[in-house]
Amino acid sequence: MKVHVDGVELELPAGTSAIDAVFEAGGDVPYFCAHKYLSPVGACRMCLVETGSPRKEKDGSFVLDDATGQPKIFWFPKPMASCTMQATEGMHIKSARSSEVVAKAQAGMMEFTLLNHPLDCPTCDKGGACELQDRAFEYGYGASRFGFDRRHADKHYPLSDFIILDQERCIHCKRCVRYFEEVPGQEVLDFIERGGHTFIDTEEGGLPTGFQGNIADICPVGALLDNVARFRGRNWEYDHTPTTCTLCSVGCSITVDARNGRLERIVARENREVNEAWICDAGRFGHAFASERRLTVPLVRVDGELQEASWDVAIAAIRAGMTRHNATDLALYLNADSTLEEGVALEALADAVGSPHVDHWPRYEVSLDAMPNGAATLSDVATADAVVVIGADLGEEAPILELRILEMLRGGLLPPEYAHGTAIADLRLVERPARKPEKLAVIGKETRLWQHAGIRASSNGHNALERLSRPDTAELQAALKLLTDSEKVIIILGADVLNGASGSFAAQLSELATRTGAKVLAIPAGANSKGLAALNLVPREGGLPFARVADAPAAFISRLDPGVRARGLTIVHDSHLTATARLADVVLPAVTNYEKRGTTVNLEGRLLELEQAALSAGEAADLIRTLTAVSEALGVRAPVRGLKSAQALAEQKLGLRLGELPERGVIHAFRSSHVAPTEQTHVPHLWTERMQPSIQTLIPANLQPLPMLGAAPVGGDD
Amino acid sequence: MTYFADKQSLVADIFSRYPDSPQGRRSALMPLLREVQDAEGFVNGTRLDEIAALCGTTATEVRSVMSFYSTYHTLPTGKYHLQVCSTVMCSLAGSDELWDHLVETLDVQPGEVSPDGRFSVQKVECLGSCGTAPMMQINDDGYYENVTPSKCARILESLHADLQPLPDNPVPVTVNAEGRQVLASGEAIGASITGLGQLPPITPGGEA
Amino acid sequence: MTAAFPATAPTPPKPITSGKDPRFAPTLYAHVGQPESWTLGYYRRHGGYEALERAFGMGADAVIDEVKQSGLRGRGGAGFATGLKWSFMPLNDGKPHYIICNADESEPGSFKDRYLLSEDPHQLIEGMLIAGYAMRASVGYIYIRGEYVHAAERLQVAIDEARAAGLLGKNVLNSGIDFQLHLHRGAGAYICGEETALMNSLEGLRANPRLKPPFPAAAGLYGLPTTINNVETFCAATQILKFGAEWHAGMGTEKSKGMKLFQVSGPVARPGVYELPLGTTFRELIYDWAGGPLEEMKAIIPGGSSCPLMRWDDKTLDTPMDYESIAAGGSMLGTGGVTVIPRADCIVNATWNMVRFYGHESCGKCTPCREGISSWMTRMYEKLVRGHGQPGDVQLILDMSENIGGRSFCALADACLGPVLSSIELFREEYDSLAQLQTPTYPPRNRWKDV
Amino acid sequence: MGVLDIAKGMGLTLGKLFQKPVTVSYPEERATLQPRFRGRHVLTRHPGTGLEKCIGCSLCAAACPAYAIYVEAAENDPASPHSPGERYAKVYEINMLRCIFCGMCEEACPTGAVVMGNEFEMADYRYGDFVYAKEDMLVGVTGSIPQRREAAKSGKPVRLGFQLDGPPRAELEGVEYP
């Protein structure tokens with residue numbers, strides 16, 4: 001399909017919107033209501049362009065221009081909204097660059113948009129990163145001819161603990177309303193009144209926790225703002241670090257905004273393959289721990305009391321403590337959200353000292369990597385014909401997976417890609433899409449996903465799979481029928497069914513997958529469980545699993561909090577003084593995952609990079625550097641001495657390439673994964689105590705505490 | 001207490017008008033709102049929840065839809081809710097003066113109810129009574145047209161005595177009983193529908 | 001061409017373009033005002049439901065052809081060819097089809113449908129049955145504005161009567177055709193007159209207009225093929241099926257055929273509804289039928305308040321009322337709601353009233369309408385009328401109008417500009433007086449008095 | 001060049017010899033400054049309400065070419081606000097060692113809160129003492145940190161080593177120099 005934009009001819013796939021055509025041609029069109037992952041509505045009228053098309057005679061030939069002999073272009077008498085218009089063969093489009101009419105129309109529209117918008121940019125958290133500000137500067141008149149008072153409304157209207165609404169600033173683009181209806185499928189926000197009195201509000205007593213924070217990202221003005229980051233800094237003052245969230249195994253792309261060494265805000269970053277443009281509320285608002293009560297120096301137990309010390313003193317203390325133990329007795333445990341590089345370093349040290357007590361936590365004791373039909377990706381989920389979720393509470397295990405399932409229910413349309421990125425106005429998306437609940441079966445405990453599922457079956461534990469294979473109820477029969485009858489099917493497995501699952505479970509699943517042609521997506525227990533399991537980070541012959549850390553002769557525990565100490569020397573490496581750290585002999589300060597460089601592996605097997613945000617953490621060190629120090633104390637040469645050597649070793653062990661990964665990550669098929677009994681069950685729990693900001697540190701003493709975070713919002717409520 | 005609990009047949013009747021689908025269920029929203037308002041004079045928050053549950057949506061959506069339309073009330077109105085058309089045709093016939101008169105004599109402002117609980121007033125847009133302006137509507141009962149000062153006084157007097165006069169729905173009759181139109185001069189002119197050559201019904205299989 | 005009306009005459013008779021033509025008989029409005037005219041019994045006694053039987057006899061496609069030949073154009077205001085619109089409905093696609101009657105008559109100056117609904121509801125029901133049959137629709141909705149309580153009651157009774165008589169429901173008149181008809185009451189929103197907004201309203205949503213395409217004939221109510229027509233259009237279809245396409249095409253002008261209900265309001269001797277052939281002049285309507293003006297006039301709104309004003313002069317009065325002639329005169333036929341504006345009334349004040357109406361009725365979806373009209377224009381007029389005008393204000397209104405006109409999502413914003421731009425063009429001196437001298441040319445006067 | 005020109009030049013020199021000298025024996029004598037002189041910043045208040053004009057927007061910090069300004073904002077307590085609106089500067093610091101007294105902060109300020117005053121005597125001993133906080137700059141505070149320290153020690157009021165040629169600039173609302 002050939003389209004002419006401002007005189008430039010370009011070739012575009014059919015179905016492209018006029019606005020995408022302009023962007024594809026390298027031009028620019030201002031817009032507010034359009035959004036890459038929401039339906040086009042054509043409400044803001046900023047994206048006006050002039051368009052004209054050739055017309056055909058009855059015999060199918062083009063009407064020719066007498067003067068030029070070329071097909072004559074019939075121009076629309078008025079400018080058209082390009083976000084809702086499809087580009088057609090031979091269409092001519094004029095943006096403001098080549099059309100005076102368009103430039104005037106856009107400037108006039110900007111004047112209207114600004115009529116009632118307050119000029120409080122200096123106090124607005126959006127200032128400096130505001131679409132309206134930018135577009136007013138680029139396309140506006142620079143002055144208003146509106147001589148009346150602006151509309152006055154509530155400027156401090158909390159929609160929930162996390163989101164604050166400034167009704168004066170709203171420009172009625174309806175992005176937030178459409179977001180809730182189209183993405184998480186919750187009709188909790190809508191316009192009230194009409195005409196010039198329209199405002200947004202909720203009648204539900206607050207927005208549901210789960211995915212509400214995304215509306216602060218997509219608001220083109222400062223009407224909806226992140227209450228946790230309120231007034232923490234101006235947009236140009238933040239250090240923006242693009243990185244990956246490691247709260248769960250989805251691995252959403254995020255941007256971490258830090259100022260003066262404090263993590264102040266997290267916003268979503270687009271990754272079409274993983275999280276599209278959305279992140280969950282835990283990932284967005286649960287960052288308080290990164291800047292609060294951090295351990296910044298090592299602690300050493302002297303006369304029964306933990307005392308601040310230097311790294312040298314700490315190393316000496318470890319060396320002294322290890323004199324009473326064999327190096328092979330030192331158990332090494334790490335959190336399953338650690339990076340691949342850290343895992344490699346720990347495994348190398350375990351090999352070097354010959355310790356059999358190695359483990360990562362949380363994990364399951366079953367490997368489901370070698371399923372028939374290959375591994376399922378998140379895009380597979382979004383475009384599947386049917387999904388069966390077994391024993392998963394997605395709100396706690398992988399919230400974004402829930403959104404991708406809902407995307408499947410509303411048609412599974414992935415936005416097309418252009419050279420300029422994802423489509424700005426995907427004309428296939430419709431407002432208030434009809435969902436097809438019959439495409440989703442949920443087996444397990446009642447969760448938020450239940451209300452969207454056409455087939456629901458209560459079930460408990462890992463016999464759910466067995467029951468599905470040999471259905472004993474009508475619901476399970478329907479679920480099996482859905483699996484068998486549909487073309488592209490995905491089975492999603494969660495903690496309830498994976499805890500305690502063993503080899504026979506894998507065989508059973510494999511049999512079911514073969515029978516139905518389904519792809520399997522098992523949600524790993526930890527953010528990087530999938531990557532760490534590919535390394536040999538499980539108890540070896542005679543080794544103690546993490547569950548039996550109390551039996552270990554001596555232990556090094558990295559960022560895990562079992563609440564007990566080992567029998568002998570206990571070294572804890574953590575970012576905070578946890579209960580376990582309080583029991584330890586030596587406490588080494590750790591960095592959080594926001595301050596690391598490295599690689600994580602998400603539930604699809606996608607390698608995603610972590611970057612280091614500028615947070616102040618004193619002398620805290622990541623696991624690789626810490627293990628170097630521990631090696632020194634143990635008197636062995638550290639096998640891995642830095643990120644580069646960790647990556648080299650990982651590449652050698654796993655046969656992959658690390659470093660310089662593309663932004664959206666790379667899928668890697670792991671050949672093998674190591675399993676061993678865990679001896680405890682994993683209870684997924686996304687929100688934890690430390691993710692809540694402690695109000696005292698945020699609010700000056702002379703202020704009444706804001707009703708910010710009351711009871712821990714675990715899971716979702718709709 | 002729920003409003004629709006003992007009105008299952010009414011609810012079923014309303015739902016029967018629309019398709020048996022989530023979208024069709026949603027269509028019942030406006031009729032249900034109308035039922036509540038007719039019975040209670042306004043729609044409060046509890047009723048929003050109830051209607052939302054019936055229509056398979058949320059109270060936010062119900063409030064959103066309700067606030068869009070101008071004839072639903074969230075606050076109680078007076079026993080007699082006087083709606084005065086203020087659009088241009090009525091305005092040219094004196095509805096602005098009628099409005100001022102009502103506000104003054106009843107001592108009530110829009111959004112308020114008079115102290116005796118009898119009256120509330122609302123300016124409404126064109127009610128389609130332009131040929132018989134000025135006009136007002138009382139509650140949802142019907143139109144009172146050609147409201148001249150003396151007629152207004154009569155209506156108010158009756159309302160004060162709680163004797164609401166029947167609404168008048170004068171019909172501009174321009175065609176006489178024979179089916180001929182009558183000129184302003186009183187002369188009936190032209191043909192009548194009874195004289196028009198009606199086409200014979202077509203029998204199936206016949207030449208059409 | 002039907003056998004009953006062979007084209008015998010070598011020269012076709014001169015079309016009827018005057019209500020005074022002895023050949024012209026009122027049909028749509030023929031029974032309005034007669035006792036019990038709204039009952040099925042009365043309707044049946046006067047040839048009711050015969051057109052439907054005739055339609056059943058012709059076959060569905062022939063009905064659409066008949067309507068096409070009649071030259072009927074939509075009577076809701078836009079004047080789109082009805083037969084063509086009906087033929088857009090997909091045939092035999094297996095999906096349910098809907099037809100909707102737009103009885104949300106909210107255009108200021110229009111009040112014809114109200115009387116058709118309350119006085120002759122069966123005429124509408126029959127028209128919808130015919131249309132439903134022609135377009136293979138088995139369900140119809142009448143979206144009546146919420147304020148028409150009296151008409152809604154009458155209509156509901158009529159629907160129930162028709163249902164009891166086997167005219168609605170399964171197997172209508174033993175034809176094998178099923179047709180259900182439901183009444184849906186609106187709740188006070190002018191924008192529901194826009195067909196896609198009406199469908200949203202019917203679906204229990206905010207009445208925001210929808211994107212087009214897809215057009216209703218492809219994806220309308222509940223995403224299914226839908227056709228929406230005005231009350232008068234359906235009634236005219238009944239008459240066309242009764243008296244034939246040729247009869248209908250024999251009235252009116254070349255491109256505007258048939259009869260139309262014209263409404264006259266304002267200070268005339270006999271305001272009301274008059275059924276006249278298209279092409280009748282304003283002079284005939286206002287003087288001969290409505291009895292002439294009661295005072296000196298200066299402007300005519302030809303078809304509801306969204307149509308640009310026309311100056312009260314001989315040229316306008318002699319303009320035939322049909323789609324083309326009024327368009328040539330710079331306005332629109334609209335709904336045929338003719339309003340006359342007296343000389344002694346301030347035109348800026350009257351326009352302010354209309355602007356305020358559109359501002360109040362704006363749905364708030366798109367920027368130019370919500371901010372431009374609902375917020376800005378109303379306050380600008382208020383400023384002028386209240387005597388705070390400034391010299392550049394009129395030019396500013398014109399400039400702003402340029403940024404509103406043709407830029408909005410639906411036609412409501414453009415409708416508002418109809419009276420604004422035309423009144424500035426015709427009565428600039430009244431605007432200038434307010435803008436520059438802060439005094440109206442015609443001061444307010446008490447218009448509320450006993451006749 | 002003629003003799004006449006030389007005589008003219010010498011005459012001018014001679015004339016100056018007998019004029020009152022321009023130099024003053026500062027600091028014993030007070031120097032006279034023009035009101036437009038740009039010295040230490042003053043954070044002004046709204047005259048009627050006494051609320052701080054500063055809303056903590058950080059635009060001064062953004063405009064500062066020397067990165068001398070640091071602002072941290074917080075939310076006003078509606079019961080006892082520091083400034084009109086929701087936001088105020090909880091921390092407002094200017095590092096006077098970094099400051100180049102260019103006046104860009106004043107230009108950038110949307111509320112006219114930060115205005116360059118006339119005080120310039122800020123010499124001190126420790127780096128840390130050159131960071132002026134809000135309480136050192138709010139209108140009503142006279143003198144620099146060392147001057148006020150000195151005054152507190154001696155129990156005498158702050159003595160400024162300058163006087164103005166005219167009243168302070170209009171922007172310096174409420175500022176009075178003794």
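Leu583(A) sits in helix α17 of chain A, residues 579-583 (helices are DSSP runs of H or I with at least four residues, numbered from the N terminus). Leu583(A) is partly exposed, at a relative accessible area of 33%; buried means under 20%, exposed over 50% and partly exposed in between, with a 1.4 Å probe and protein chains only. Beyond neighbours within four places in sequence, Leu583(A) contacts Arg301(A), Gly563(A), Val564(A) and Arg565(A), where contact means heavy atoms within 4.5 Å. Its C-alpha atom is 28 Å from that of Cys248(A), 335 residues apart along the chain.

This is a predicted model, in which local features need pLDDT of at least 70 and side-chain atom pairs count only at pLDDT 80 or more, while totals for chains, interfaces and linings use all residues. Residues are numbered from 1 along each chain as its sequence is written, chains are lettered from A in the order in which they are written, and side-chain values use heavy atoms, without hydrogens and water.

The largest nonpolar core has 261 residues, of which Leu401(A), Ile405(A) and Tyr69(B) touch the most other members. Such a core is a set of buried Ala, Val, Leu, Ile, Met, Phe, Trp, Tyr and Cys residues joined through side-chain atoms within 4.5 Å. Another core, of 50 residues, lies apart from it and includes Leu334(A) and Leu643(A).

In chain C, the axes of helix α17 (residues 412-426) and helix α18 (residues 428-437) come within 5 Å and cross at roughly 90 degrees. The two helices α17(C) and α18(C) are therefore roughly perpendicular, a term for angles of 65 to 115 degrees.

Note on methods:
Axes are lines fitted to C-alpha atoms, for helices over the stretch in contact, and angles run from 0 to 180 degrees between N-to-C directions. Angles under 35 degrees count as roughly parallel, over 145 as roughly antiparallel, 65 to 115 as roughly perpendicular and the rest as oblique.
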